[in-house]
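Please keep the sequence and the model in view while reading the numbered points.

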Amino acid sequence: MKSCPKCTTELEDAATKCVSCGFQLEKAQRTLTGKVVKWLFIAFNLTMICWVMVSMGALDRGSQSSALPRGTEDAEGLGLSMIIMLWLICNLIFGLVVWDTRAKNKALQESHNKPEE
């Protein structure tokens with residue numbers, strides 16, 4: 001048994017939060033997989049931002065704008081909308097993976113790992 005440093009209530013060893021005052025004893029930490037997934041999610045979003053900016057021509061130096069044949073103006077908008085749609089779908093899927101690998105309390109993890117009696 002351990003006690004809360006704030007209110008000295010007796011707590012179980014697996015407790016991460018005081019049941020009496022709510023003091024956080026331990027902060028839940030992400031696993032290594034969770035950290036890698038989170039940083040891949042951030043890198044994916046930064047890459048997609050750059051891709052959208054390039055397709056909008058914000059990072060283009062104007063070298064291709066005069067070389068495009070007539071009638072292809074609509075194709076640029078269609079390409080941009082496809083990139084944004086791909087970004088949203090992948091972001092939703094990737095975001096669910098990041099959410100699933102978030103930091104969890106040890107007591108919650110242990111209760112899920114215990115076989116039912």
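1. Helices (H or I, at least four residues) and strands (E, at least two) are DSSP runs, numbered from the N terminus. In the protein chain these elements follow the order β-β-α-α-α from the N terminus, giving three helices and two strands.

2. The model is predicted, with local features requiring pLDDT of at least 70 and side-chain atom pairs pLDDT 80 or more, while totals for chains, interfaces and linings use all residues. Residues are numbered from 1 along each chain as its sequence is written, and side-chain values use heavy atoms, without hydrogens or water.

3. The protein chain has 117 residues, of which 13% count as buried; buried means under 20% relative accessible area, exposed over 50%, and partly exposed in between (1.4 Å probe, protein chains only). Its accessible surface is about 9300 Å², and carbon and sulfur atoms account for 62% of that surface. Such areas come from the Shrake-Rupley method with a 1.4 Å probe, and for residues only the protein chains shown count as cover.

4. Which residues make up the largest nonpolar core? The five are Met-48, Val-52, Leu-80, Ile-83 and Trp-87. Helix H1 (32-56) and helix H2 each supply at least two residues of this core, and H2 gives the most, with three. A nonpolar core is a set of buried Ala, Val, Leu, Ile, Met, Phe, Trp, Tyr and Cys residues joined through side-chain atoms within 4.5 Å. In soluble globular proteins, nonpolar side chains tend to be buried together.

5. Ile-83 also deserves attention for its contacts (heavy atoms within 4.5 Å). Apart from neighbours within four places in sequence, Ile-83 touches Met-48, Trp-51, Val-52 and Ser-55.

6. Two aromatic pairs are counted; rings of Phe, Tyr and Trp (its six-membered ring) pair if their centres lie within 6.5 Å, with planes under 30 degrees apart called stacked, over 60 edge-to-face and the rest tilted. Phe-41 and Phe-94 form an edge-to-face pair, at 5.7 Å centre to centre and 90 degrees between the planes. This pair links distant parts of the chain, since Phe-41 lies in helix H1 and Phe-94 in helix H2, 53 residues apart. Together with Phe-44, these two residues form one aromatic cluster. Phe-94 counts as partly exposed because its relative accessibility is 22%.

7. Is Met-85 buried or partly exposed? Met-85, located in helix H2 (residues 73-100), is partly exposed because its relative accessibility is 48%.
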